[in-house]
Amino acid sequence: MDFLIEPLQYGFMQRSLIVAVVVGVICAVVGTYLMVQRLALLGDAISHSVLPGLAIAFIFDWNIFTGAFIAGLLSTILINVIRNNSQIKEDAAMGIVFSAFFALGITLITIVQKDNKIDLNHFLFGNILSVSFTEVRDTIAIALFILLIVFLFYKELLFYTFDKLGAQSVGLPVYWLDFSLMILIGLTIVASLKAVGVILVLSLLITPSATAYLLVKRLHQVMLVGVCVGVISSITGMYISFYYNIPSGPAIVLVATFLFFLSFLFSPSQGLFTNFIKLKLK
């Protein structure tokens with residue numbers, strides 16, 4: 001019990017654990033749509049594209065959540081403009097946009113650090129132990145909005161996810177569903193920045209959902225199991241970070257990856273080791 005209670009005596013750990021749990025939940029929920037639709041590259045593109053927004057928000061003393069979200073939204077619009085008005089395919093458009101935004105972000109951060117003698121590398125790798133009460137509040141507000149939208153439009157998003165043409169034929173606003181999903185991805189990435197940073201956020205978006213996908217099949221089941229994996233990974237990673245003095249973001253991602261490989265090996269239906277044993281028993 002002392003092992004579990006000791007970190008909770010510190011205010012920074014209380015705030016960090018709250019953010020870690022919230023991020024674990026929303027990353028699993030939104031990441032399920034990303035994984036099922038095979039849009040992992042889109043998540044990577046948006047996560048890298050928020051970096052210049054963070055730097056600009058810091059320069060003008062704006063809320064970093066606002067700056068990051070605007071940059072992510074602009075990158076999404078630019079990807080769609082390139083895709084819809086040229087013969088460039090979506091994956092190529094994503095690669096062009098996210099690399100350009102990421103390069104701009106690195107450049108702006110370098111300039112800011114040179115002029116102000118401060119370290120902004122936590123934007124890249126996360127620094128969940130430094131979250132303030134205001135950031136906890138903002139993260140919870142973003143998470144509640146994301147979960148509310150998913151709850152209200154679950155059936156529409158489900159239909160759209162598995163049969164986009166069918167959804168369009170019955171009159172669902174596919175364009176707006178597509179755009180809304182991108183906004184949800186952007187908001188999730190913004191909420192996760194403090195926890196794991198720009199570079200590692202894609203792992204937290206995809207890995208819990210991929211782990212769940214190896215264990216269950218229905219979309220809502222993948223979400224629920226993914227949420228459990230995300231929360232367990234976040235809490236366990238935070239405790240590992242506290243007791244072994246290692247960066248919290250990478251610790252969370254490594255725990256999530258470890259759980260994925262356990263599922264990959266021992267999943268009752270798809271596990272590599274499980275299928276090997278079944279083959280031997282035959």
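In the predicted model, a nonpolar surface patch of about 1,100 Å² is formed by Phe258, Phe261, Leu262, Phe264, Leu265, Phe266, Leu272, Phe273, Phe276, Ile277 and Leu281. Two helices, α13 (248-266) and α14 (272-281), each supply at least two residues of this nonpolar patch, and the largest share, 6 residues, comes from α13. One of the contributors, phenylalanine 264, lies in helix α13 and counts as partly exposed, because its relative accessibility of 34% falls between the limits of 20% for buried and 50% for exposed residues.

The UniProt record, an unreviewed entry, places the feature "transmembrane region" at residues 12-36, 56-81, 93-112, 140-162, 174-191, 197-216, 223-244 and 250-273. Within the model, the span 250-273 is 79% helix and 0% strand, and its end C-alpha atoms lie 27 Å apart. For the span 56-81, the corresponding values are 85% helix and 0% strand, with the end C-alpha atoms separated by 23 Å.

Glycine 72 is located in helix α5, which comprises residues 64-84, and has a relative accessible area of 5%, so that this glycine is classed as buried. Between glycine 72 and phenylalanine 12 there are 60 residues of separation in sequence, and the C-alpha atoms of the two residues are 28 Å apart in space.

Helix α8, covering residues 133-152, contains 20 residues and reaches 29 Å from its first C-alpha to its last, a value close to the 28 Å expected at 1.5 Å a residue. The buried residues of α8 include Glu135, Val136, Asp138, Thr139, Ile142, Ala143, Ile146, Ile149 and Val150. Because these residues cover an arc of only 165 degrees around the axis, they are placed on the same side of α8. An α-helix has 3.6 residues a turn, and therefore residues three or four places apart point the same way. On the other side of α8, the residues Phe133, Leu144 and Phe151 are exposed.

The structure holds 1 salt bridge, which arginine 137 forms with aspartate 138, the closest N and O atoms being 3.2 Å apart. In general terms, side chains of opposite charge can pair when their charged atoms come close.

Methods
Residues numbered from 1 in each chain as written. Predicted model: local features only at pLDDT ≥ 70, side-chain atom pairs only at ≥ 80, totals over all residues. Heavy atoms only, no water. Patch = residues over 30% accessible without salt bridge, like charges linked within 9 Å, V, L, I, M, F, W, Y side chains within 5 Å. Areas by Shrake-Rupley, 256 points an atom, 1.4 Å probe, with all protein chains shown as cover. Salt bridge = Lys/Arg side-chain N within 4 Å of Asp/Glu carboxyl O. Helix = DSSP H or I, 4+ residues; strand = E, 2+ residues; numbered from the N terminus. Buried < 20%, exposed > 50% of the residue type's maximum accessible area, 1.4 Å probe, protein only. UniProt positions renumbered as here; feature names shortened; annotations may be inferred. Expected span 1.5 Å × (residues − 1). Arc of directions from axis to C-beta.
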